[in-house]
Amino acid sequence: MYFIFVLFMIYMIFRTWLQVRRNGETNKIMRIMDHFQDEEQFFTLADEIISTNPKPEFQNKARVLRIFGDANYRRHEDFMKDLGELDIRALYVKNNQVNLEYNEDSFFYLFAAIANKLYSIGDTEMIAPLYEKLDQHTDLDRLLISKIGHEAKKFYLKEDDLGKPFFEGMLEGEYAGYVYNKQLIGIYKSIVTSLLARMALDEGDEAKYKEYEPELKAFTASGLGKRWLRELNIEFPEESEETAETEETEAPEEAEETAEETAAEAEVSAQEDKKEQKDPE
C-alpha cells in the first residue's frame with residue numbers, strides 16, 4: 001500500500017512539472033502578441049518559434065497567431081500558405097487520443113478572431129478557405145467555439161439565418177452538449193451579444209440594440225472587447241470623440257490594449273490544464 005502511495009505521489013509531481021513546463025511554453029507564444037503593432041517584429045518572433053520549437057503543438061499554436069497576423073496585415077499569399085501548413089491535429093490529438101481540453105485559446109483564434117478580423121477589413125473572401133480547412137476536423141464540432149464560429153460565418157457571408165436563432169438561444173442558456181472552458185463562457189456570450197447587436201443595427205432595430213448596449217459597454221472593459229466591437233464597427237459616442245481627439249496616439253493605445261488582452265488569454269490558457277470542461281449546469 002505504501003509503495004502504491006509513493007508511486008502515485010511521483011506521478012502527481014511529474015504531471016505538475018509537465019503542466020508548469022507547458023504553461024511556460026504557452027505564455028511565451030502568447031507574448032508574441034505584445035508586438036502585434038510592429039509588423040516586422042511580430043512575424044519575426046512567430047517564425048522563430050515555428051522554426052525552433054521542437055514540439056508540433058507549440059509550432060502550430062504560433063502558426064495560428066501568424067495566420068491572425070496575415071489576416072490583419074492583408075498578407076493574402078502568406079495567409080493561404082500558413083493555412084495550408086497548419087497542422088490542426090497537433091492542437092487536439094495527444095498520444096493518438098482526441099483531447100479537447102487544451103489549446104482552446106488557439107481555437108478561439110481559428111473559429112472566431114480570424115474571421116471577425118477578415119470581416120472587419122472587408123476580406124470576407126478569405127473566410128471560406130479558413131473554414132474549409134477547419135471543417136476537415138469533425139472532432140472539433142463538439143467545441144462550443146466551433147459552433148459559434150460556424151454560426152458567425154453565416155453572418156459574415158450573409159447566409160441563411162445569419163446565425164441569429166442559435167445566438168439568441170445561447171444567451172438563454174441553450175448550449176448543452178458542447179465542450180468549452182467555463183472560464184471562457186462569459187467572453188463567448190459577450191461575443192454573441194455583439195454579433196446580435198450588429199445585426200440589430202444593420203436591420204435598423206434601435207430598440208433591440210439598446211437591449212444589448214449594457215453588455216456591450218461592459219465588454220469594452222477588456223482589450224479583447226474593445227478590439228472586437230471596433231471590428232464590428234460598434235462604438236459609443238464618447239469613445240468616438242476621444243478617438244478623434246487623440247488620433248496621433250492611436251497606435252500606442254492599441255498596443256497597450258493588445259498586451260492587456262493577450263495577458264488575459266495567456267492566463268486562461270495556463271489554467272486550462274487545471275479546469276475540467278463541462279456542459280452548462
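User: Which residues line the second largest cavity?

Analyst: Keep in mind that this is a predicted model. Around the second largest cavity sit residues from several parts of the chain, and the lining consists of I29, M30, K61, L65, D105, S106 and Y109.

User: Which helix gives the largest share of that second largest cavity's lining?

Analyst: Three helices, α1 (2–30), α3 (56–72) and α5, each put at least two residues into the lining of the second largest cavity. The largest share is 3 residues, and the helix behind it is α5.

User: How do the lining residues of the second largest cavity divide into nonpolar, polar and charged?

Analyst: Take the names again: I29, M30, K61, L65, D105, S106 and Y109. Sorted by type, they come out as 4 nonpolar, 1 polar and 2 charged.

User: Is S190 buried or exposed?

Analyst: S190 is part of helix α9 (residues 185–202). Not counting residues up to four places away in sequence, S190 touches E215 and F219. Its relative accessibility is 7%, and buried means under 20%, so S190 counts as buried.

Key
Residues numbered from 1 in each chain as written. Predicted model: local features only at pLDDT ≥ 70, side-chain atom pairs only at ≥ 80, totals over all residues. Heavy atoms only, no water. Helix = DSSP H or I, 4+ residues; strand = E, 2+ residues; numbered from the N terminus. Buried < 20%, exposed > 50% of the residue type's maximum accessible area, 1.4 Å probe, protein only. Contact = heavy atoms within 4.5 Å. 1 Å grid on protein atoms, 1.4 Å probe; cavity = no way out; pocket = protein on both sides within 12 Å on 5 of 7 lines; lining within 4 Å. Nonpolar A, V, L, I, M, F, W, Y, C, P; charged D, E, K, R; others polar.
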